[in-house]
Amino acid sequence: MTTSMEKPSEPQRPDAGKPSEQPEVKAEQSVPPASPRALTRARRRQAVLRFWRQYRTHRAGLVGLAVLAVIALLALTAPLLVGADSQSVTNSPGGPMEAPSGEFPLGTDQFGRSLLALMLWGTRVSLTVGLLAAFLSVAIGTLIGITAGHFKGWYATVIMRVTDWFLVMPTLVLAIALATVLSRSVWTTILAIGVTTWPTTARLVRAQTLSVESRPYIERSRALGGGHGHIMSRHVLPNVMPLVLAQTTLVISTAILTEATLAFLGLGDPTIVSWGGLLQDAREAGAVSSGNWWYLAPPGLAIAVVALAFTLCGRTIESVLNPKLGVSR
């Protein structure tokens with residue numbers, strides 16, 4: 001009698017005998033890659049947000065920006081606040097040289113017009129001249145600076161000697177000469193300021209251009225067939241734009257001061273109202289000798305406040321774009 005050795009049976013699993021279920025694999029939907037333009041826009045948005053986060057940590061820059069926003073709002077709404085007839089000499093509502101009162105918070109001028117209304121209209125002209133003159137000046141300086149830093153050689157030598165000549169010449173004297181030769185208008189003032197204040201921007205942009213063109217990717221771009229226009233517009237210009245932006249805010253304050261000086265000297269457009277023109281009218285009316293301070297103080301303070309606000313914004317932008325400057329907050 002033989003004893004059979006039986007193999008111990010394994011415990012049966014609960015799912016034994018059932019067909020094995022394979023986990024369902026869901027087909028992932030393929031996401032199309034973003035276009036280069038979309039990536040560029042996204043990077044620009046991130047750069048703007050990063051710039052604003054750093055800018056708002058500077059109290060002086062926020063104060064300057066708030067002042068400029070209020071002044072720009074007043075300039076835009078001047079026709080609604082005071083009306084165009086407030087500049088009329090024949091229909092002036094008050095008497096000549098009236099002191100500040102409830103009806104005329106800043107007094108009246110020599111023709112009986114409200115100085116508050118004239119100040120609001122002058123805001124439009126002064127800001128317009130300052131912005132357009134600064135744009136022209138920065139555009140000329142950027143073009144000359146980039147080309148002088150890119151081409152080098154005899155072109156850079158000649159153009160930088162011309163720039164040095166403009167630097168040593170007094171800017172105000174050149175602007176007065178141009179304003180005297182040309183017809184007296186707003187566009188003459190803009191042209192006179194723009195073509196005399198570009199040398200500083202040109203030297204700064206040229207120095208930045210030389211720094212950018214010494215980087216390796218410029219050599220790679222040349223090796224791949226990139227021409228002069230491609231390198232200057234696609235590589236150099238984007239890298240110098242932060243410097244140009246900071247320089248623009250500083251040039252605007254200089255342009256506003258120069259416009260006021262030209263108008264005070266009688267070289268502005270006599271048919272429009274500006275802050276410098278109000279100072280010139282006050283001088284001609286004898287406001288200094290007669291003690292009519294309300295005729296002199298508001299335009300002078302407005303010019304100083306706007307110039308200071310643009311300077312604060314410009315210094316803050318420089319500090320954000322180049323933290324090594326160490327501008328205080």
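The model is predicted, so local features need pLDDT of at least 70, side-chain atom pairs count only at pLDDT 80 or more, and totals for chains, interfaces and linings use all residues. Residues are numbered from 1 along each chain as its sequence is written, and side-chain values use heavy atoms, with hydrogens and water left out.

**The chain overall**

- You'll find 13 helices and zero strands in the chain; helices (H or I, at least four residues) and strands (E, at least two) are DSSP runs, numbered from the N terminus.
- Out of 329 residues, 38% count as buried, where buried means under 20% relative accessible area, exposed over 50%, and partly exposed in between (1.4 Å probe, protein chains only).
- Take the contacts (heavy atoms within 4.5 Å) with a separation of 6 or more: 71% of them come from residues 24 or more positions apart.

**Aromatic rings**

- The structure has seven aromatic pairs; rings of Phe, Tyr and Trp (its six-membered ring) pair if their centres lie within 6.5 Å, and planes under 30 degrees apart count as stacked, over 60 as edge-to-face and the rest as tilted.
- One of the pairs is W52 with Y55, which is stacked, at 5.9 Å centre to centre and with 15° between the planes.
- Both W52 and Y55 belong to helix α1 (residues 36–55), where they are three residues apart, about one turn of the helix.
- W52 is partly exposed at 37% relative accessibility, while Y55 is buried at 4%.
- Another pair, W165 with F166, is edge-to-face: the centres are 5.1 Å apart and the planes make an angle of 90°.
- W165 is partly exposed too, with a relative accessible area of 45%.

**A charge over a ring**

- The charged end of R283 sits over the ring of F264, 5.4 Å from the ring's centre; this label needs NZ of Lys or CZ of Arg within 6 Å of the ring centre and within 35 degrees of the ring normal.

**Where α2 meets α4**

- The axes of helix α2 (residues 59–76) and helix α4 (residues 115–151) come within 8 Å and cross at roughly 110°; axes are lines fitted to C-alpha atoms, for helices over the stretch in contact, and angles run from 0 to 180 degrees between N-to-C directions.
- That makes α2 and α4 roughly perpendicular, the word for angles of 65 to 115 degrees.
- On the α2 side, I71, A72, L74, A75 and L76 meet L120, T123, R124 and L127 in α4.

Conventions
Angles under 35 degrees count as roughly parallel, over 145 as roughly antiparallel, 65 to 115 as roughly perpendicular and the rest as oblique.
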